[in-house]
Amino acid sequence: MSVVINHLTFAYTQGGKPLEPTLVDLDFTIEEGSFLGIIGHTGSGKSTFVRHLNGLLPCEKGAVVVDGHDLSVKAERKTVRSLVGMVFQYPEYQLFADTVFEDVAFGPRNMKLDEAEVKNRVQNAMTLVGLDPERFSARSPFDLSGGERRRAAIAGVLAMHPKYLVLDEPMAGLDPLGRREILALLEKLRTESGCTIIMISHSMDDIANHATKVLVLEKGRVCMYDTPQNVFARAEELQKIGLSVPAVTKLCIEMNRRGASVPASICTREAFLNWIREEKKHA
Amino acid sequence: MIRFDNVTFQYEKAFSPALSDICLEIRQGEFVAIVGHNGSGKSTLAKHINGLLLPVKGTVSVCGMPTSDEENILKIRQKVGMAFQNPDNQLVTTVVEEDVAFGPENLGVDPDEIRARVDEALASVGMTDYATFAVHHLSGGQKQRIAIAGILALKPQVLVLDEASAMLDPSGRAELLETIEKLHREGMTVVMVTQYMEETTGCDRVIVMKGGRIVLEGTPAEVFRHTDILLDSNLVPPETVAVRDALKEMGYALSDDVLTANRLAEELCPLL
Amino acid sequence: MRDITLGQFVAGDSFIHKLDPRTKIGMMILYIVMTFLVKKIYFLAIPFAYLVIELILSGISLRYILNALKPIRFLLIFMFLLNLLFTKGEHVWLDLGFWQLTGEAVLQSCFLAVRIILLVAGASMLTLTTSPIALTDGIERLFAPLKIFHFPAHELAMMMTIALRFVPTLMDESEKIRSAQMSRGADFESGNVFRRVKSMIPILIPLFVSSFRKADELAIAMESRCYHGGEGRTRMHQLKFRLADLLAILITLTFVAVLIVLLVLFK
């Protein structure tokens, strides 16, 4: 199963008149089990695009089909919303309940699950994000630290058992430790539960290290859709549209400028060090 | 210019002090970065510089004036401007130029003089064309530049940035950093609190905080030599520095002041 | 969605637009006095004429005035019917036995309805031609002399300024929170009134929490920028009372004088 984006075009309206389209003819498939990184600068349509994945915005032209459920059919939206979990920017700002337990339980309860199942899911989700249910269940979400609040909010989405998890800059504003924790969580979800991860991020290093596919959006159009190695190999094009590249890619470009011949596909520290080792052997 | 003498601070209801026994001196014209994980005390330290927080023990003084003296506070806040994390929550009025005028208006500056200061401040952050724009139509990076213009209109000598780049996208962050570096070149003393280690490579001095104490201090090259202390403080060195360290472990002789891709390539290529 | 402000300001370059906000507030007060002085429907012709002149000078389309009247249409009909039912009089037009329709009742109902329409239309002329910022400035400076009676003119104006600044920000934020809760299966569209109000809690609480945090951070930022109340504060934009303002006030006063003379003559 997969998410099929079929010639999706979308324009916001102002005062009844459509504005310049924010998304233009997006047409690709997100395979199940992949880790899709979405990059593009502010205003490229990233956030608008992910809002289509669970029907928060209507598909007027084209279609989004999640596991065979077509989102242009209004009745399908509810089903899709339990398949596609959405973690917005600064999700901790959406916490509202008296206790962490109640907040995490909000999604499962909306799915009309029985109380035993709700409890089970809440505890699992909390454990998964590293909030011990014993210690944190009864605490107010507003008393937690910034990183804990973020994880509580993510648990609220995970408790719905999404097959596809969409995250809009989930690490924004966190310190390096908090960032690492979230990335480790996403890797775990993908490898252990087979959850498909779709993540918008500005950190090219994170994308290079974790994504299996990268979508580059520019002015609402698909500019590239490929593996990170192939995307970052086109560093010049990325820089032309105002995007940065991973630190390692930057290093490789500088070295090649000085006469070295580092392959363009190298974009992670690991790959770079392996290449150095190979070079050493041959030398 | 700014002196911390044995400063200790504890928030009400907190179990341990947020700052313990901090001694620090920041000289005129210096560009200092303060780094640390969440809760390391870096923002608490910054808020002491303009008297938003007052030490429980010890003294903080700006140009010889202790912040604990109520009478100094307006003078200190005029000398030490401060920008904060959330670009939305520090702009007061709807129109850009009115917001920039807010500070000098508070000081009772003459209207013509305010006009001149506002124009100068907006030019200095490169936002002259946006003078009559509505604040909420601007991007995050532009809002932060307006916040800085609002501070410049007070004619400060020190600019303190309390994680001012944390909520910006990379282009907004670059915009802001460029503005700050320009102001520093023009003589401004800058204290920048940040979590992004890669932003500190151009600073004169980096101060690493952990648990309310200064654990490491020095030039960026000196600080990035101690990867162990950084990791122990829950900080991650810039990726380029991590690559450099890995290469050093493999036996490549690279110098400590290699902090950028450009310099690393320069030293590495001849060794291959 | 993002541009909703308090009142509806239509930017323009007319004689009325360029007047000092204090003048416009004064004009509106005098206009309200006029409509209240009148006790007979035909004398409402004077404030009506004044309103028409103001409308023409401002270049504001009549559509905006009608829009402003839309929200009160039910109130108007209700008031009209109420007066028709309960006003007693001598000139009986229609007798149903238990109730009589009198000429006085018709006249009185029309009079009250027209007066309310004139009042709302006049007040909306102020907000249509004056930007919220200018209005705030005008209020602050007009009421500044009342400070000796401890009237918080500056604080009120500062509150209005901040409210205007944060309305779009909070609108954005509520939209984001709404999307997030909808993604977690929240349903804001079905159920009875009680259920719908209850379903708003997951939006309202985060919005409140966020507003408090904003207020807190803003207060710190304002303090850092040397804010210490209205005492000794100056403003970059000085309001200037020009010849046009004098003219506008004089014309308005003339209308008031004419009205008073007419009222005395035809008592």
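Trainee: How do the residues of the lining of the largest cavity divide into nonpolar, polar and charged?

Mentor: The model here is a predicted one, and the largest cavity in it holds about 180 Å³ of space. Among the 16 residues that line this cavity, those closest to its centre are Thr93(B), Glu98(B), Asp137(C), Thr161(C) and Arg235(C). Taken as a whole, the lining of the largest cavity divides into five nonpolar, five polar and six charged residues.

Trainee: Which helix gives the largest share of the lining of the largest cavity?

Mentor: Helix H3 (96-106) of chain B supplies at least two residues of this lining, and so do helix H7 (132-143) and helix H8 (153-183) of chain C. The largest share amounts to five residues, and the helix that provides it is H8(C).

Trainee: Which elements give two or more residues to the lining of the second largest cavity?

Mentor: The second largest cavity contains about 80 Å³ of space, and the residues that line it include Lys24(C), Tyr31(C), Glu54(C) and Thr129(C). The elements that contribute two or more residues to this lining belong to chain C, and they are helix H2 (21-37), helix H3 (45-58) and helix H6 (103-129).

Trainee: How many residues in the lining of the second largest cavity are nonpolar?

Mentor: Met27(C), Met28(C), Tyr50(C), Leu51(C), Met125(C) and Leu126(C) are among the residues of this lining. Two residues of the lining are polar and two are charged, while the number that are nonpolar is seven.

Conventions:
Residues are numbered from 1 along each chain as its sequence is written. Chains are lettered from A and ligands numbered from 1 in the order in which they are written. This is a predicted model: local features need pLDDT of at least 70, side-chain atom pairs count only at pLDDT 80 or more; totals for chains, interfaces and linings use all residues. Side-chain values use heavy atoms; hydrogens and water are left out. On a 1 Å grid over the protein atoms alone, a cavity is a set of points where a 1.4 Å probe fits but cannot get out, and a pocket is an open set with protein on both sides within 12 Å along at least five of seven lines; lining residues have an atom within 4 Å of a point. Grid points are joined across faces, edges and corners, and a volume is the space filled by probe spheres set on the points. Helices (H or I, at least four residues) and strands (E, at least two) are DSSP runs, numbered from the N terminus. Ala, Val, Leu, Ile, Met, Phe, Trp, Tyr, Cys and Pro count as nonpolar, Asp, Glu, Lys and Arg as charged, and the others, Gly among them, as polar.
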